[in-house]
Each structure stands twice: as C-alpha cells, then as structure tokens.
Amino acid sequence: MSNALSKAKGFRKSKSGTYLSIGTTAFGALSVIKQARKARTDHDTLQLVDAVVSAAAIVTGLAILYRELKRLGDDDVLLG
C-alpha cells in the first residue's frame with residue numbers, strides 16, 4: 001500500500017503529473033465562469049465576489065504549476 005502511495009506522490013512531482021494538474025485546474029475555471037455568469041444574471045454580488053476570488057485562486061494555482069514545470073526543466077517550446 002505504501003508503495004502505491006509513494007508512486008502517487010512521485011507522479012505529482014513529475015512533468016506528466018504537473019500537466020495533469022494544469023489541465024484539471026484550468027477545467028475548474030469553467031465552473032467559475034458559469035458561477036460568475038449566474039451571479040451577474042441574478043444580480044448576486046456575494047456570488048460574484050466568490051467567483052472573482054475563485055478565479056484569482058485558479059490563476060495563482062496555474063502560475064505555481066507553471067513555475068513547477070520550469071523547475072523540472074521542461075523542454076517544451078511553449079515554456080520558453
């Protein structure tokens with residue numbers, strides 16, 4: 001059991017795991033966009049503020065994951 005756990009932790013620190021994290025984080029942005037649209041339609045300021053804060057968390061998370069990719073020394077052309 002602990003061997004599987006260590007493999008999972010190793011995957012999170014790999015390039016593939018980081019790309020997967022970027023994808024799932026970006027996918028979460030769709031939910032936030034939906035929440036913001038509904039909040040604007042319903043004129044719900046508190047829900048809109050929540051959506052903005054969530055969007056900021058997503059942007060920060062993506063920036064951290066991008067930095068992790070750079071640290072791993074990815075040779076991807078898009079990363080420069």
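## Ground rules

Residues are numbered from 1 along each chain as its sequence is written, and side-chain values use heavy atoms, leaving out hydrogens and water. Because the model is predicted, local features need pLDDT of at least 70 and side-chain atom pairs count only at pLDDT 80 or more, while totals for chains, interfaces and linings use all residues.

## The overall fold

The chain has three helices and zero strands, in the order α-α-α from the N terminus. Here helices are DSSP runs of H or I with at least four residues, and strands are E runs of at least two, numbered from the N terminus.

Of the 80 residues, 16% count as buried (under 20% relative accessible area, with a 1.4 Å probe and protein chains only). The chain exposes about 6200 Å², and carbon and sulfur atoms supply 65% of that area.

## How α2 meets α3

Helix α2 spans residues 15–42 and helix α3 residues 45–71. Their axes (lines fitted to C-alpha atoms over the stretch in contact, with angles from 0 to 180 degrees between N-to-C directions) come within 9 Å and cross at roughly 165°. The two helices are therefore roughly antiparallel to each other (over 145 degrees).

## A residue in the loop

What is the phi of His43? It is near 55°, a positive value in a residue other than glycine. Most residues other than glycine have a negative phi. His43 sits in the loop between α2 and α3, and at 71% relative accessibility His43 counts as exposed (over 50%).

Key
Parallel < 35°, antiparallel > 145°, perpendicular 65-115°, else oblique. Areas by Shrake-Rupley, 256 points an atom, 1.4 Å probe, with all protein chains shown as cover.
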